[in-house]
Amino acid sequence: MPTKLETVQLSAFYAKKEAIHEVSLAFPEKTVTAIIGPSGCGKSTLIRCLNRMHEVTPKATTTGEIRLDGEEIHALDPVSVRRRIGMVFQKANPFPTMSVYQNVSAGLRLNGVRHRKELDAAVVRSLKQAALWDEVKDNLDGPGIRLSGGQQQRLCIARALAVEPEVILMDEPCSALDPIATAKIEDLIFDLRQNYTVVIVTHNMQQAARVAEFTAFMYLGKLIEIDRTQKLFENPAEKLTEGYITGRFG
Amino acid sequence: MFTGASPSLPRFGLRFLFGVVWDPVHGIFGVAPEILGTLVTSGIALLISVPLSIGAAIFLSEHAPAWLRDPVGYVIELLAAVPSVVFGFWGLAVLVPLMQGSVDPWLQSAFGWSPLLGGPNGGGRNILTASVVLAVMVTPTISAVTRESLAAVPRDQREAALSLGATRWEATRLAVLRYARTGIFGGIILGLGRALGETMAVTMTIGNKNAFSGSLISPGQTMSSLIANEFTEATGKLYVSALVEIGLVLLLVTLLVNIVARLLVWRVVRGGAVAGGA
């Protein structure tokens, strides 16, 4: 598998405080990679660096490199980077003033797509990919905010998919959901790897085991190890990893 | 107020609202020009101040460097607390000469053909001058409320728009303004309320002529400025009662305008969620 996205010696700071330290990590194309680790280990910061969302926070900076298809993303326009690397947030954040249809098509309309047919097709495709179509197809013009929490998160996934990004970043997408809604989203993530490179941050190790081919373990801002998920959980190379997955700390 | 207005209420009936003559000497009282004056000055004031104040609020909360935000925001909010008579003095000292010397003559020469901007300009004290003073007065109010509403938009809404590949301006439009629009409308209505009722600053700059010529650069009168002008010198029961009735009309007009504005907002906010485009 060729590498789609990689970080080289990436460090990230909030003002002077270092949140991640010299992380070098490669994400293979069309696979799901999970990043696990205890709270505060820098996994969310890392994922927010990948689409240059980190720098939106005042006084937040990075050093090191991030390459998308071999290209350094800091040399690109952040807007174009974010069109190629979509993001799903911890808390579902549909646009509350918009209908389901408008939410899903928002990114396309930003890109200047105006043809109704084109928008219709993209909305149907994205909602189906996000496994939400059957639940909302009769109420596309209803407000997105009226959906249940799990549906809202799938709506946000559909919104991210609609612009056809190459990479999808998910920052603990199920942390606010019940087990049934979580299972639906996990199934969905598993299917997404046919077309997308997925990076998912989670503090739920079972979730990583269920959806990801590769898993990276982070601790105190550093990458401890990355390996095939099964190998990492069954036979980790590092003592720290072993301690975390067996529940000795974290 | 009904009691105070009781001598004039039955005597003039609807003629009070639609009459154009205000003649205390002969006991004829009609306030149509003043109703128009109130609505027109407030309307123009909003036309000027809404884009200005919302623009300022967006700049301050979304785009200005952090060190600029608080000082400028503080100054704007301070302006909201300045007594209106001070604005009136500012209008007299600064705005009236400016209008008389440059703005009005320019408008007259450029647009004098239109009845809206023709005719004598009342020495700079006219409807337009009062409207500008009102605009300056309500801008801090609208701007402060808008800033609060923008600040209340959750960070994840901005980030949602950015993550779809929105530029900063697009994120402001797509996520922030739409989210905050109820609050922004609230600020506009608050500003409108202040403009409709403003008395002192208007009295000092509008020219106080009990007529509405149709031209914005002619002197005029609003309901509140008429009351302020004549209450102390009103003689006779009927005269005083007519002034009280103006107060009553002003109250009703303000109420009506507010209701219409609320309905408008309600329709926009509700309709927008379902049908409106971005």
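**The largest pocket and the chains around it**

Modeller: The lining of the largest pocket consists of 10 nonpolar, 4 polar and 11 charged residues. Here Ala, Val, Leu, Ile, Met, Phe, Trp, Tyr, Cys and Pro count as nonpolar, Asp, Glu, Lys and Arg as charged, and the others, Gly among them, as polar. This is a predicted model, in which local features need pLDDT of at least 70 and side-chain atom pairs count only at pLDDT 80 or more, while totals for chains, interfaces and linings use all residues. Residues are numbered from 1 along each chain as its sequence is written, chains are lettered from A and ligands numbered from 1 in the order in which they are written, and side-chain values use heavy atoms, leaving out hydrogens and water.

The pocket has a volume of about 770 Å³. Its lining has 25 residues, and those nearest its centre are A:Val56, B:Ser61, B:Glu62, B:Arg69 and B:Arg158. A pocket is an open set of points on a 1 Å grid where a 1.4 Å probe fits, with protein on both sides within 12 Å along at least five of seven lines; lining residues have an atom within 4 Å of a point. Two or more lining residues come from each of α2 of chain A and, in chain B, α4 (32-63), α5 (66-79), α7 (127-151), α8 (155-163) and α9 (168-197). Of these, α8(B) gives the most, with 4 residues. Helices are DSSP runs (H or I, at least four residues), as are strands (E, at least two), numbered from the N terminus.

B:Glu170 pairs with A:Arg83, their closest N and O atoms being 4.0 Å apart. Because B:Glu170 sits in α9 of chain B and A:Arg83 in α2 of chain A, the pair joins two chains.

Now the interface itself. It holds 3 salt bridges. On the chain A side, α2 (78-84), β6 (85-88), α3 (100-110) and α6 (149-162) each give two or more residues that touch chain B. The largest share, 5 residues, comes from α3(A). By class, that side has 13 nonpolar, 8 polar and 7 charged residues.

Chains A and B bury about 2,200 Å² between them, and carbon and sulfur atoms give 57% of this area. A:Phe95, A:Thr97 and A:Leu110 supply 28% of what chain A buries against chain B, more than any other three residues. Buried area is the accessible area (1.4 Å probe) that two parts lose on being put together, summed over both.

Terms used:
A salt bridge is a side-chain nitrogen of Lys or Arg within 4 Å of a carboxyl oxygen of Asp or Glu. Grid points are joined across faces, edges and corners, and a volume is the space filled by probe spheres set on the points.
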